[in-house]
Amino acid sequence: MHTSTNALPEGDRRSAGVTEDDTPGAAGAGLTRRALLAGGATLALAGCAGGPRRPAPAPAAPRIDPYYLSMYAAQNDNGFMIPAIPLNRIDPVYYRQVVPYQAPEQAGTVVVDPHNTFLYLVRGDGTAMRYGIGVGREGFSWSGNATIRDKQQWPKWHPPAAMIERQPELQKYANGGMEGGLANPLGARALYLYEGNRDTLYRIHGTNEPWSIGKAVSSGCIRMLNQDAIDLYNRVPLDTPVIVRS
């Protein structure tokens, strides 16, 4: 006949290998002290093995085409070292590039679109060389047809009277102007637009503030990256027609 171990005397129960932990209900739901200890050790080991989580890697910076890196690299121009353009701070749409262009203007015409911040040099084959520009207050002050009657490398800057009135600290440049150089607002090149023999005071020029390309800024006319201003200067001769859109 089968005899329950619970009915055995205490000494016989020990000899049968039964402990207090083996009794029904011990440690709840029949779990033994040994099981609890083993389980706790397993959790502790699992926690140590995990360790601190590594942060997710930062997304890779967009790759810039080497063609444009070369186009906008630093260059020595007439003794002035023009810095490389930080292309990661400029929307690629404003990089110099050939684009489709269907319009009635003849080849060689410069078309300035100040509101969309682009300048086009019409090529006559259904395309144009497009440059990104920044537009100052004076850049919106005039529109129409003009001609490039003067071109200058590292030009002097003569601030307009209205600008001197707004910024009295420019008074020192009222007569002799500011010599050309990296600090000069006209940058590396300037193209001067005339209506007949009248200076429109409208300028297409370089800038030492590349972040301003594609934006409307506080002063100036039509500003280009210095590397682009040099490129345009080399492509267009005197008497080139210019159309500034309204």
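The largest pocket is lined by 31 residues, and Trp157, Pro160, Met163, Leu186 and Gly220 are the ones nearest its centre. A pocket here is an open set of points on a 1 Å grid over the protein atoms alone, where a 1.4 Å probe fits, with protein on both sides within 12 Å along at least five of seven lines; lining residues have an atom within 4 Å of a point. This is a predicted model, where local features need pLDDT of at least 70 and side-chain atom pairs count only at pLDDT 80 or more, while totals for chains, interfaces and linings use all residues. Residues are numbered from 1 along each chain as its sequence is written, and side-chain values use heavy atoms, with hydrogens and water left out.

Which strand gives the most to this lining? That is strand β10, residues 198–207, with six residues. Strands are DSSP runs of E with at least two residues, helices are runs of H or I with at least four, and both are numbered from the N terminus. By type, the lining has 14 nonpolar, twelve polar and five charged residues. Nonpolar covers Ala, Val, Leu, Ile, Met, Phe, Trp, Tyr, Cys and Pro; charged covers Asp, Glu, Lys and Arg; the others, Gly among them, are polar.

Now the rings. A search of the whole structure finds nine aromatic pairs. Rings of Phe, Tyr and Trp (its six-membered ring) pair if their centres lie within 6.5 Å; planes under 30 degrees apart are stacked, over 60 edge-to-face, and the rest tilted. Tyr67 and Tyr68 are edge-to-face, because their planes stand at 75°, with ring centres 5.1 Å apart. Tyr67 is exposed at 52% relative accessible area, whereas Tyr68 is buried at 17%. Buried means under 20%, exposed over 50%, and partly exposed in between, with a 1.4 Å probe and protein chains only.

The rings of Trp142 and Tyr202 are tilted, since their planes are at 55°; their centres are 5.5 Å apart. This pair links distant parts of the chain, 60 residues apart: Trp142 is in the loop between β7 and β8, and Tyr202 is in strand β10. Trp142 is buried at 14%, and Tyr202 is buried at 1%.

Last, His158. It lies in the loop between β8 and α4 and is partly exposed, at 47%. Leaving aside neighbours within four places in sequence, His158 is in contact (heavy atoms within 4.5 Å) with Asn175, Gly176 and Gly177.
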